[in-house]
Amino acid sequence: MDLFLQGSALLFNVPNFLYMNLGLFLGVIFGAIPGLTVILCIVLFLPFTYTLGAVESFMFLLGIYCAGSYGGSISAILIKTPGTPHAAATMLDGYPLTKQGKSMKALKMALIASTFGGIFSAIVLLFFAPQVAKFAQMMGTPEYFLVCAFGLTIIAGVSGNNLIKGIIAGAFGLFISTIGIDAMSGGTRFIFNNINLYSGIALVISLIGLFALSEVLAKSEKVVVDTKVNTEDLNKENAKFTQEEKKSVRRPMILSAIIGVIIGIIPGTGASMASFFSYDRARSMSKHPEMFGKGSLEGISACETANNAVTGATLIPLLTMGIPGDGSVAIMLGALMINGLTPGPNLFVEHGPIMYAIMIGLIFVNIFMFLQGKILTKWFAKVISVPVYLLTPIIVMFCFAGAFSVNSSLFDIKVTLVFAVIAYIMSKFGFSTIPVLLGLVLGTLTEENFRRSLVLSDGKWDIFVSSPICIAFLSLIIITLVLIINSQVKNSRKKGENNE
Amino acid sequence: MKKLFSILMMSIIMSSALFANGTKESTQSPVDAWPEEPVTVICPWAVGGVADLVNRKAAVYGQELLGQPVLATNELGAGGNVALTNFLKNEANSYNLIFGGEGAFSIAPNVDGSEAIMFKYDDYVPVMNMYSATFVMTANAGLNINNLDDLKAYGANHTCVVAVNGIAGSEAFIAKALFKELGIDLTLVSYNGANLALAAVAKGETEFALSHQSQAKGAVEAGTLTPVTVFSDKPVNNDVFKDVKPAGEYGIDSYFPNTCFLLARKGTSPEVVAKIRSAYLEIMQKEDMQKLFSQLMVESSDWTAEDMNNHIEHVIQIVQNNK
Amino acid sequence: MKNFLDSIDLFIDNTGAKLEKHKMNVPINIVGSILFIVIALVCLKLVPSQIRVNTTSQITARTFPVLMLQIVLLFSSVLLLKDIISLIRKKEIERKEITLLVEVRALIILAMMVVFLLLLHYIGFIFSSIVFGILMLFYFRCRKLSSYIIICSAAIMIGFLFQYLLKVRLP
């Protein structure tokens with residue numbers, strides 16, 4: 001309790017809140033612009049924090065981190081281009097809502113869900129960090145592999161109406177993820193002696209191509225007449241949630257928050273996996289699974305809660321054990337180090353007040369994110385009133401600039417164009433591109449943990465049943481697979497009957 | 001608010017200066033006038049890492065000691081190799097300088113994937129070594145292994161499992177060389193980052209890990225890991241690593257520190273190199289530079305160009321012997 | 001000037017009308033699966049040269065990518081077989097109408113993006129964006145001068161936003 005008060009005293013200073021809000025503002029913008037990522041934002045602005053104190057710099061960085069996690073949903077909903085990889089699942093339901101003229105509602109849902117997820121994880125961090133850290137300690141390499149393998153079963157849920165095509169697309173994505181240097185052997189794979197492919201293809205780069213630019217190519221489908229949305233219509237849109245809607249999102253939000261926290265403590269998995277996971281869970285538990293993909297508020301609430309619930313959770317292994325869960329948090333490690341704080345079990349003993357200030361601060365970061373988001377979404381929503389012929393070239397400009405900025409490399413723009421063409425051709429032949437993204441997200445992790453497990457066990461496969469957590473995940477995978485096969489068989493029978 | 005505004009203004013000014021300079025190739029300028037424009041020092045590794053922190057802190061003194069502002073930037077990709085490749089576009093006496101180390105010049109050209117490496121050490125002129133970081137081997141505290149004698153006894157009839165950051169990283173080669181000299185069997189397990197490797201030891205998934213001292217600091221302080229040896233010829237004795245015996249004391253010499261060379265483009269005149277070198281050597285002696293070094297647990301170094309060349313050669317030898 | 005533009009439009013419309021007649025009813029699963037089979041086979045062929053392995057252990061750097069390619073190959077073949085069997089049994093298979101006009105348009109958009117990319121090598125981000133923006137507006141047959149002004153200022157604003165406010169480096 002004493003630490004709690006000392007922490008609060010450290011936190012409640014005007015500069016802390018100023019930097020927090022500046023971070024939030026930057027985070028939303030970087031998150032919303034396709035190609036500009038949270039990591040990039042943190043990388044670019046980290047040097048600022050070198051002159052700040054520990055709490056100030058952490059408020060600034062957490063502002064970027066949380067708002068970036070939310071910001072990606074804005075472009076996913078409005079222009080069918082996820083601003084960050086973890087908003088890809090949000091796009092599945094967000095964009096259909098925009099087409100139905102309910103973009104304000106979708107944006108509002110995303111903001112509420114993000115805030116809820118963020119606050120939930122901040123509270124977990126504040127009160128249960130030691131317990132969660134203990135749980136994380138129990139998860140080793142084989143457990144990580146099984147979580148990823150479970151993640152791959154989601155492919156079935158995002159395959160559209162054809163599972164076989166989904167599997168092909170997913171395996172293709174997994175294959176692409178192996179391009180570059182192989183962490184386990186040190187050798188290179190499919191780099192064709194090109195140094196630019198040495199570290200593989202960055203997720204953002206493929207994302208821009210797969211979703212944003214391929215959508216631009218698809219503009220060839222029809223001569224675009226002035227499809228201007230009337231701003232008045234936008235203002236008239238009734239963005240109030242009905243009682244029924246409120247009730248329907250309650251369960252997916254709570255479940256997704258828990259999923260987000262669990263995924264968040266596993267290093268390397270990150271928010272994209274969490275959002276796909278909870279999307280899949282929410283659908284299988286929903287009363288209206290048929291609405292998923294056609295504009296389900298439950299879908300949006302699930303993904304957005306989950307990807308923001310990751311934010312607080314990733315801080316748990318970082319602060320308690322010094323393990324950064326994702327790229328952005330790895331950079332925050334630098335911010336701690338320069339202030340003389342070494343993450344690890346002793347951090348809370350030696351720097352208790354600062355730690356409490358940071359943890360309590362995270363709750364306020366989310367509250368201010370909500371307030372800023374409320375103001376900003378009104379502005380962002382106007383995007384859809386821009387006519388297509390103006391919006392399209394502007395999107396391409398943003399995408400090119402974003403793709404370039406990841407590594408300051410024109411080569412990356414070429415890569416996005418290749419992905420755009422691949423996605424365009426795939427969609428022509430009825431292949432969903434979401435499994436490709438899922439494969440790219442999970443590929444490296446799945447393979448690395450699989451091979452590392454076998455190195456650790458000296459090639460013995462029983463390592464995958466060596467702990468209760470392993471067995472739990474393994475059974476989950478088996479149950480899920482049985483359910484998928486079962487529903488496939490049922491579907492094909494139904495089709496057979498219809499044909500006859 | 002004032003502070004904030006001034007920071008924003010600074011950043012705008014700095015970035016505009018950066019863009020004015022970034023793309024322009026320097027022309028052959030009179031050596032004593034060098035630098036006539038701001039100098040850019042490129043760190044090819046992650047923002048927030050040791051090299052980046054040192055680069056940015058040192059850049060603050062650029063104006064004072066070189067007469068022009070020094071801009072610290074990062075250019076990432078392929079473990080630094082992309083930036084080193086792109087750097088070849090610079091001409092001699094360019095205002096762009098870059099960091100590099102044994103990873104790029106000794107390891108990358110001698111392991112798989114070397115075909116993609118387009119640069120050689122000879123394409124650069126070493127100016128100075130920014131710092132040396134001594135690697136440390138730690139063990140799970142439950143094993144109660146506190147020096148190489150304990151390790152020898154433990155490994156006599158036991159294959160040791162060692163976690164490293166990347167199978168083709170410095171740590172992996174040092175580990176292989178050490179166990180070879182000790183005659184102990186080892187299984188190397190590669191993790192995606194030193195922090196994860198250390199965490200694996202703490203969990204008991206592996207037995208040992210090699211890392212920088214600063215990376216192992218937290219776990220050693222907390223008592224979950226114990227230091228076994230440092231890869232140096234002098235013992236390390238500080239608040240965290242108390243009286244750790246060096247590998248050198250056991251007659252082992254196949255190790256090396258992690259270094260960060262400041263490099264100029266080949267052909268840069270010796271006077272310019274000397275000018276940068278003396279400026280940076282002076283910067284390294286500044287009080288807050290030294291404080292940063294002790295925080296990051298790295299040592300400043302006054303290596304000559306010859307020392308640096310020897311270091312690169314020495315590491316190449318170790319890599320080739322332990323492929 | 002207006003007449004000239006109109007005559008261009010007329011020409012494009014006529015060509016478009018001609019192209020629009022070229023339609024194909026493509027059996028998408030068959031073509032799609034053949035495409036993936038070819039990709040998988042080519043990549044499998046490239047594996048020995050692109051992934052070098054010098055250990056004898058069971059699981060190597062090749063295992064995972066090869067397994068993935070095999071999955072692509074296997075399931076593409078299943079997809080192909082399924083449709084071929086349906087064809088033989090004279091059952092309906094999934095088809096999609098592909099119009100030459102649409103594909104030519106997609107190629108034009110792609111070409112414009114490639115031009116954008118090539119220009120980036122020489123004239124920097126802002127000018128390339130302006131050229132690209134104008135090309136795109138032309139493609140969408142926009143005649144309003146105001147739109148051209150908007151697109152040019154958007155290019156300039158994005159350039160400045162990135163470089164000076166967000167501190168992102170641009171070509």
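Predicted model: local features only at pLDDT ≥ 70, side-chain atom pairs only at ≥ 80, totals over all residues.

**Aromatic rings**

I began with a group of rings in chain B: B:F87, B:F105, B:F119, B:Y121 and B:Y124 form a single aromatic cluster.

I looked up B:T85 and found it in helix α4 (residues 81-87) of chain B. Is B:T85 buried or exposed? I have it at 16% relative accessibility, so B:T85 counts as buried, the cut-off being under 20%. Leaving out residues up to four places away in sequence, B:T85 touches A:I195, B:M118, B:F119 and B:Y124.

Next I asked how many aromatic pairs there are over all chains. The count comes to 34. I picked out A:F398 and C:F162, whose ring centres are 5.9 Å apart with the planes at 40°, so I wrote the pair down as tilted. This pair crosses between chains: A:F398 belongs to helix α17 (residues 388-407) of chain A, and C:F162 to helix α5 (residues 145-165) of chain C. I checked the accessibility on both sides. A:F398 is at 19% and counts as buried, and C:F162 is buried with a relative accessible area of 0%.

Then I went to B:F231 and B:Y255. Their ring centres are 6.4 Å apart and their planes stand at 55°, so this pair is tilted too. I found B:F231 and B:Y255 in the loop between β9 and β10 (258-265) of chain B, so the pair ties together parts that are 24 residues apart in sequence. B:F231 is buried at 2% relative accessible area, and B:Y255 counts as buried at 13%.

**Charges over rings**

I also searched for charges sitting over rings. Another case involves A and B: the charged end of A:R452 sits over the ring of B:Y191, at 4.3 Å from its centre.

**Two helices of chain B**

I turned to helix α6 (residues 148-155) of chain B, where B:L148, B:L151 and B:G155 are buried. Where do they sit around the axis of α6(B)? They cover an arc of only 50°, which puts them on the same side of the helix. I then listed what covers the buried residues of α6(B): the cover includes β5 (135-140), β6 (160-165), α7 (170-182), β8 (208-212) and β9 (225-230) of chain B. At the start of α6(B), I saw a side-chain oxygen of B:N147 reaching to within 3.1 Å of the backbone nitrogen of B:D149.

My other helix was α8 (residues 194-203) of chain B. Seven of its 10 residues are buried, so I noted α8(B) as largely enclosed by the rest of the structure. The buried ones are B:A194, B:N195, B:A197, B:L198, B:A199, B:A200 and B:V201. Just after α8(B), I found B:G204 with a positive phi of about 90°.

**Domains of chain C**

Last, I looked at how chain C is divided. I have domain 1 as 1-24 + 99-171 and domain 2 as 28-94. How many Å separate the centres of domain 1 and domain 2 of chain C? Taken over C-alpha atoms, the answer is 37 Å.

Key. Residues numbered from 1 in each chain as written. Chains lettered and ligands numbered in written order. Heavy atoms only, no water. Buried < 20%, exposed > 50% of the residue type's maximum accessible area, 1.4 Å probe, protein only. Helix = DSSP H or I, 4+ residues; strand = E, 2+ residues; numbered from the N terminus. Arc of directions from axis to C-beta. Contact = heavy atoms within 4.5 Å. Polar contact = N/O pair within 3.5 Å; in protein donor to acceptor, adjacent residues only side chain to side chain. Phe/Tyr/Trp six-rings, centres within 6.5 Å; stacked < 30°, edge-to-face > 60°. Lys NZ or Arg CZ within 6 Å of the ring centre and 35° of its normal. Domains from an automatic or database assignment.
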